Amino acid sequence: MGIDIRANVTCSLGTLISANVSDDYIQGSGLIKTRGSCEISGLVSPPVGTVVTFNYTKSGVTRAVPRKLRVLSSFADPFRRTTKVELGCKLTYLQDLKDPIKWNAFNDPENTDFDQNDSRIVTLPIYASSIAYECLLKLGIASAGFSLTNKFSIDEFDFSPGYVQVLSDLLVSESLCGYLDYTETFQVFSLAGLGTSGPAFDTSSVIDIGPIGVGDLAGDSVVVSYSTLKLKAPEDQEVVCRDAADDSTTFESTWGNDLSTSVSQGRATYAYTAPGGTTLQQQSYSWRESATETTTYALYNVYESGKVTPADGDLPAAAEPHPIDGPVVERRNLVVQRNILQLTGSAAIAGGYAQQSLANGFDFNNFDVYKNITETFAYDEFGNETSRISETYGSLLFLYGSAGINFVYTDESGNPSRVNLGQETGRLERIEVLSTTTDNLTKRVTKRYGSWAETISGQQAIANARESITTAAEADAFLNILFGGLYLLDVTIETSVTGDRGAQEVPSDEETAKQDQADGGDPDNGFTTESRSELELALGSPTATRRVELSMPYAPDDTFRRQTVSTDPLRYCYYARKSDADAKANLHGRVQNRILFGNRNGMNIQTIPENLPNAPFGTFYLTANGVVTQYRTNGTSWTMDSNGIVASTDALYWGVIGRTA
């Protein structure tokens, strides 16, 4: 049976001859804008900004092309008596809108509890969510609601790039993306989210398929660069306090632990056909994800010579000059240990095992799994890092998916048996970074240890095992061999030039006066911020051949929070809060590389509009040759004339869900 693309297509501007409407591609952007064009019968002159909609009627049912557009320009052709119109969504229409304004912290509605006295002591944060909603306000766009978590410790935020560009950069920096739906309401979705429910169809509903053929290759390693402002307080663990009665300021040095926790929800849906059945079924699993990071510091005295020694906490004694190295010019808190505990559900990391279990009549237990990363640090006499050892321990289920073997087998009688993947734990990875600093040259040796499955011999064994393993018992024994210990995988050596490490200069009288005048703050730099350019290895090994380098537009800064002292309501203390810039960069790199992978392994699909989701990055399922595959829409377009309409999308490959036969 052929695919019926016939429809009565209408346009709000007049009698339609032809039209095309296309979404932007999702790669590297935080906004999906829409452009298009149409040709109308007759001579019309629609004002710029006029709203344009398209509708089509099939079998008595009227549907809308799910984008509302605006007139960008038009040309009335008196010779042919037709009008050609260039179209764009409201984001496209207003993409050049900008005002030469700069926001300070007191323009931010989140900072209504702060006053000028606070700003003389610390740099007040500016919230990304406030900036985003200010952009939407200036654009005159209503939002369905969303949340941003980044904060910036800057004196001013500059809107000069334009409201649309600023909004896009804010969203993509937190792995989010937005678009305007048919009602011109701003909708936001996560680029890191798993595929959800969506339309399903088979190849009989496909007009044509073809390769995408454009876009960069996904990387074996991904490096994300970003700039962030670091506060000295997180390094020094220095708490700044002021008395609201007389605005006197004191500094109290502390040291100990820094704790941060993030929590989110996850959900996965697996499609399968039960043994002996013919109907495709779905089973959903939800889980709670959390990451708790604990950092332990040790306080050190920094002398004029540049040398450091552990501090005993006695400030007056510690401030006495050393007979050789001079006076203490700084108190620095160095990280001695960091622990990261990650919790998630087995359904999040064992999709293949879950799908094979369901398809063979076994239950799948979505139990909690964890990964615990412990980093320990050591330093030389000048405070330079000499070693950083990272040990990862946790559920072996994180590794089983890389084995590439089946988890369910059938004996000669046709009875299925399954590998029992329980809650076994073990060492998952070890990374040793050994550094030597001489003068201004640092040599860094990195050794990475992983399972035998990641070695060349292990990969060869896996390739042979796919054909030789025939029972669940054999597969279970093979998994124990693959993941029973750690092996040296690679060694990298890097050298870098650092700044000269000499005696630190004593502040001049003028600089000291400026600091005193600012009550301990720096009037030129908002107290204690310093710019840092960072690199985050989001994926893979530094020695990987194919390397993708990305840049994150906005990284969150370290910030201060104010807290009233319970025993003295008129006394405020400011505590430094470390940013999660490295985690945001890591997620940004992984998400963008996943999109690159999906693009290069996807395909262009032409079908009727009803088969595709209305939203960008929407999930749909295609069945071909008995295999159900999950895709995400990207760069969807609608091509139409007065008698028919076709939709196409560069479908991002998002994984095989299961088999129907």
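A charge sits over a ring if NZ of Lys or CZ of Arg is within 6 Å of the ring centre and within 35 degrees of the ring normal. I'm noting that down before I look for such cases, and also that this is a predicted model.

**Charges over rings.** I looked up Arg632 and found it over the face of Phe617, at 4.0 Å from the ring centre.

**Ring pairs.** My count of aromatic pairs came to 19. One of them is Phe157 with Phe159, an edge-to-face pair with 5.2 Å centre to centre and 70° between the planes. Buried or exposed, I wondered about Phe159? Phe159 is buried, at a relative accessible area of 0%. Phe157 counts as buried too, with 4% relative accessibility.

Next I checked Phe201 and Phe620, and this pair is stacked: 5.7 Å centre to centre, with 10° between the planes. Phe201 belongs to strand 16 (residues 200–202) and Phe620 to strand 37 (residues 619–624), so the pair ties together parts that are 419 residues apart in sequence. Phe201 is buried at 7%, and Phe620 is buried at 0%.

I also found a cluster linked by ring pairs: Trp103, Phe152, Phe157, Phe159, Tyr163 and Tyr554.

I followed three strands that form an open, antiparallel sheet in the order 1-5-6. Strand 1 (8–11) and strand 6 (61–64) are the edges, each pairing on one side only. From one strand to the next, the twist averages 20°. Strand 1 is joined to strand 5 (residues 54–58) by four bridges, and I spotted Thr10 opposite Asn55 in strand 5.

How values were computed:
Residues are numbered from 1 along each chain as its sequence is written. This is a predicted model: local features need pLDDT of at least 70, side-chain atom pairs count only at pLDDT 80 or more; totals for chains, interfaces and linings use all residues. Side-chain values use heavy atoms; hydrogens and water are left out. Two strands pair if DSSP finds at least two bridges between them. Helices (H or I, at least four residues) and strands (E, at least two) are DSSP runs, numbered from the N terminus. Axes are lines fitted to C-alpha atoms, for helices over the stretch in contact, and angles run from 0 to 180 degrees between N-to-C directions. Rings of Phe, Tyr and Trp (its six-membered ring) pair if their centres lie within 6.5 Å; planes under 30 degrees apart count as stacked, over 60 as edge-to-face and the rest as tilted. Buried means under 20% relative accessible area, exposed over 50%, partly exposed in between (1.4 Å probe, protein chains only).
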